[in-house]
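Me: I am new to this structure and would like to learn how to read it. Please show it first, and then I will ask about its features.

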Amino acid sequence: MTVDLPLAQELAVLTARLADLLLTRETAADAVQSLAQAAMEAVPHATGAGATLIDERGRETSTGATDEAVLEADRLQYDMGQGPCLSAWAEERTQVITDIATENRWPLWTQPAALLGLRSAMSTPLTAGVTTIGAMKVYSNTPGTFTERDARLLEMLARPAAVMLANVQARDAAERASQRMSQAIADRDAIRMATGIMMEREHLDPDEALSRIMSLSRLEQRALRDIAQEIVAGRPVL
Amino acid sequence: MDTGSNGAERQWKLTREAVEAAGLTIGQVWLRYFSLTGSAGEYEVDAYLNGLLVLPTVQRDLVSHAVNELISEKAQPLKAPYSYNLDGRGPSKAPDESGDAP
């Protein structure tokens with residue numbers, strides 16, 4: 001099998017473009033969106049493309065797509081629990097569908113996907129180091145679109161893309177985790193303060209005071225944090 | 001008013017059922033519980049929800065409260081939009097970041 005590989009130069013240009021696209025993105029959601037766009041531009045005759053980050057349990061965490069049909073086809077895979085991207089991710093190798101109409105793997109997915117107007121597809125894993133973090137795919141609305149060469153091209157794009165994406169993802173996750181944590185600590189402070197105020201006003205012990213605030217939150221069906229903030233702000237307590 | 005070990009057992013079991021039914025992770029539950037001044041660690045909360053550890057009454061109630069808050073934030077059934085705000089964003093399709101393509 002001789003494969004007519006793209007010129008090293010061509011790949012270098014594509015990789016540089018990828019780096020430009022991915023490394024400047026703030027969030028994983030933005031990065032997969034850019035990657036979808038890049039994949040569609042890079043693979044000849046592709047009519048749509050997408051990129052998905054998949055967690056270790058096989059659930060999608062972020063999805064980028066060039067159009068609504070790709071997005072829907074992707075959603076279907078995770079709803080059905082089967083499809084070329086999930087297989088690419090799980091088996092860690094490229095999956096090619098020559099014609100969705102005659103494809104007999106992933107029967108639950110191919111039928112609704114065909115209704116979206118997709119005919120051929122190619123999906124390759126995004127592997128950073130030893131972990132597969134997702135998959136990228138291209139679609140076409142005619143059968144038999146993608147060649148062996150296209151598959152190799154997609155794979156070669158996937159390698160640098162996965163490494164860059166893993167970076168964005170890690171940065172994004174750390175940022176979100178620390179945002180959530182500082183919010184949690186702020187809420188905690190407010191609730192502690194409100195508990196102190198409650199103890200003083202109502203002559204309660206700490207547990208009783210906290211239980212009282214919890215009852216208020218339940219009674220008014222509002223978040224405990226909001227009730228606490230009001231108490232701290234001087235709201236009279238029943 | 002401790003309800004005794006039977007009450008405590010019912011409490012963790014039903015709490016765990018609620019956690020599972022809502023598809024919440026221990027991490028999510030713990031973070032909210034922590035933000036509500038909960039003092040047990042994530043492993044302890046996990047152990048509590050598996051019946052391996054008994055938490056003090058207030059701590060158990062805080063776990064329940066955290067779970068309930070997360071559930072009520074989650075349960076936002078899809079609503080139909082009116083003609084006059086269709087051009088705006090309207091209610092989004094997914095509750096979290098679905099990343100609408102530009």
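Me: How do helix 7 of chain A and helix 4 of chain B lie to each other, parallel or perpendicular?

Reply: Some conventions come first: this is a predicted model, in which local features need pLDDT of at least 70 and side-chain atom pairs count only at pLDDT 80 or more, while totals for chains, interfaces and linings use all residues. Residues are numbered from 1 along each chain as its sequence is written, with chains lettered from A and ligands numbered from 1 in the order in which they are written.

Two packed helices are described by the angle between their axes and the distance between the axes. Here the axes of helix 7 (residues 206-220) of chain A and helix 4 (residues 57-74) of chain B come within 10 Å and cross at roughly 20°. Helix 7 of chain A and helix 4 of chain B are therefore roughly parallel (angles under 35 degrees count as roughly parallel, over 145 as roughly antiparallel, 65 to 115 as roughly perpendicular and the rest as oblique).

Me: Which residues meet where helix 7 of chain A touches helix 4 of chain B?

Reply: From helix 7 of chain A come A:Asp207, A:Leu210, A:Ser211 and A:Met214, and from helix 4 of chain B come B:Val58, B:Asp61 and B:His65 (contact means C-beta atoms, placed from the backbone, within 7 Å).

Me: How many residues does each chain bring to the contact?

Reply: Chain A brings 20 residues and chain B brings 12 residues. On the side of chain A that touches chain B, helix 6 gives the most, with six residues.

Me: What does helix 6 of chain A do beside helix 8 of chain A, cross obliquely or run parallel?

Reply: The axes of helix 6 of chain A and helix 8 (residues 224-232) of chain A come within 8 Å and cross at roughly 55°. That makes helix 6 of chain A oblique to helix 8 of chain A. Among the residues that meet there are A:Ala190 and A:Ile197 in helix 6 of chain A, and A:Ala228 in helix 8 of chain A.

Me: Which strands pair with strand 5 of chain A?

Reply: Strands pair if DSSP finds at least two bridges between them. Strand 1 (residues 48-54) of chain A is joined to strand 5 of chain A by six bridges, antiparallel, and A:Leu53 stands opposite A:Gly134. Strand 4 (residues 120-128) of chain A also pairs with strand 5 of chain A in the antiparallel sense, over nine bridges, with A:Ala121 opposite A:Tyr139.

Key. Axes are lines fitted to C-alpha atoms, for helices over the stretch in contact, and angles run from 0 to 180 degrees between N-to-C directions. Helices (H or I, at least four residues) and strands (E, at least two) are DSSP runs, numbered from the N terminus. Two residues are in contact if their C-beta atoms, placed from the backbone, lie within 7 Å.
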